[in-house]
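Here are my notes on this one, written as numbered points. Keep the picture open while you read, and find each residue as it comes up.

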Amino acid sequence: MKKDIHPEYQKVVFLDTSSDYKILTGSTQTSDETIEWEDGNSYPLIRVEVSSASHPFYTGKQKADKAGGRVDRFKKKYNLS
């Protein structure tokens, strides 16, 4: 790799603001805000709105689309075949 052209890779904490889920991982993102982690060290804090703790696909709370179209719903409503 060429020197001085890549961003610094460091440990950061990602905080899901909708579920208060935190994860410590490596990233090139930086932040002025820091948080003290369980190991006693301070790490940059990156706030995110969605993570695996709050995304409907991972939580199993996704909305099911209506099955069938207008004709299928009509037939189901009136017990037609």
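1. L15 itself is found in strand β1. A word on terms: strands (E, at least two residues) and helices (H or I, at least four) are DSSP runs, numbered from the N terminus. Two strands count as paired if DSSP finds at least two bridges between them.

2. Before going on, remember that this is a predicted model, where local features need pLDDT of at least 70 and side-chain atom pairs count only at pLDDT 80 or more, while totals for chains, interfaces and linings use all residues. Residues are numbered from 1 along each chain as its sequence is written, and side-chain values use heavy atoms, with hydrogens and water left out.

3. Is L15 buried or exposed? L15 counts as buried because its relative accessibility is 9%; the cut-offs are under 20% relative accessible area for buried, over 50% for exposed, and partly exposed in between (1.4 Å probe, protein chains only). Setting aside neighbours within four places in sequence, L15 is in contact (heavy atoms within 4.5 Å) with D20, Y21, K22, L45, I46, R47 and V48. Also have a look at E49: its C-alpha atom is 8.3 Å from that of L15, although the two residues are 34 apart along the chain.

4. Now zoom out. The chain has two helices and four strands, and from the N terminus on, the elements go β-β-β-β-α-α. Of its 81 residues, 17% count as buried. Taking contacts between residues at least 6 apart in sequence, 34% join residues at least 24 apart.

5. In what order do the strands sit in the sheet? The order is β2-β1-β4-β3, in an open sheet of four strands with mixed pairing. β2 (21-27) and β3 (34-36) are at the edges with a single partner strand each, so one side of each has no neighbour in the sheet. From one strand to the next, the twist averages 45° (axes are lines fitted to C-alpha atoms, for helices over the stretch in contact, and angles run from 0 to 180 degrees between N-to-C directions).

6. Go through the pairings one by one. β1 and β2 are antiparallel, with seven bridges, and K11 has G26 in β2 as its bridge partner. These two strands form a hairpin with four residues between them, and D20 in the turn has a positive phi of about 60°. β1 and β4 (residues 42-48) pair in the parallel sense over four bridges. β3 and β4 run antiparallel and are joined by three bridges, with E36 partnered by S42 in β4. The β3 and β4 hairpin has five residues between the strands, and there G40 takes a positive phi near 90°.

7. Side chains of opposite charge can pair when their charged atoms come close. The structure holds one salt bridge, meaning a side-chain nitrogen of Lys or Arg within 4 Å of a carboxyl oxygen of Asp or Glu. E33 and R47 form it, with their closest N and O atoms 2.8 Å apart. E33 lies in the loop between β2 and β3 and R47 in β4, so the pair ties together parts 14 residues apart in sequence. E33 is partly exposed at 34% relative accessibility, and R47 is partly exposed too, with a relative accessible area of 48%.

8. D16 is worth a stop. It is placed in strand β1 (residues 10-16) and stands opposite V48 in β4. D16 is buried yet has no salt bridge: the nearest side chain of opposite charge is R47, 9.5 Å away (Lys and Arg count as positive, Asp and Glu as negative; His and the chain ends are not counted). What D16 does have is a polar contact of 3.2 Å between its side chain and that of S19. For such a contact, two N or O atoms must be within 3.5 Å; within protein, one must be able to donate a hydrogen and the other to accept it, and residues adjacent in sequence count only if both atoms are side-chain atoms.

9. Last, look at helix α2 (residues 70-77). Of its eight residues the number buried is zero, so α2 lies largely in the open. N79 follows α2 and has a positive phi near 50°.
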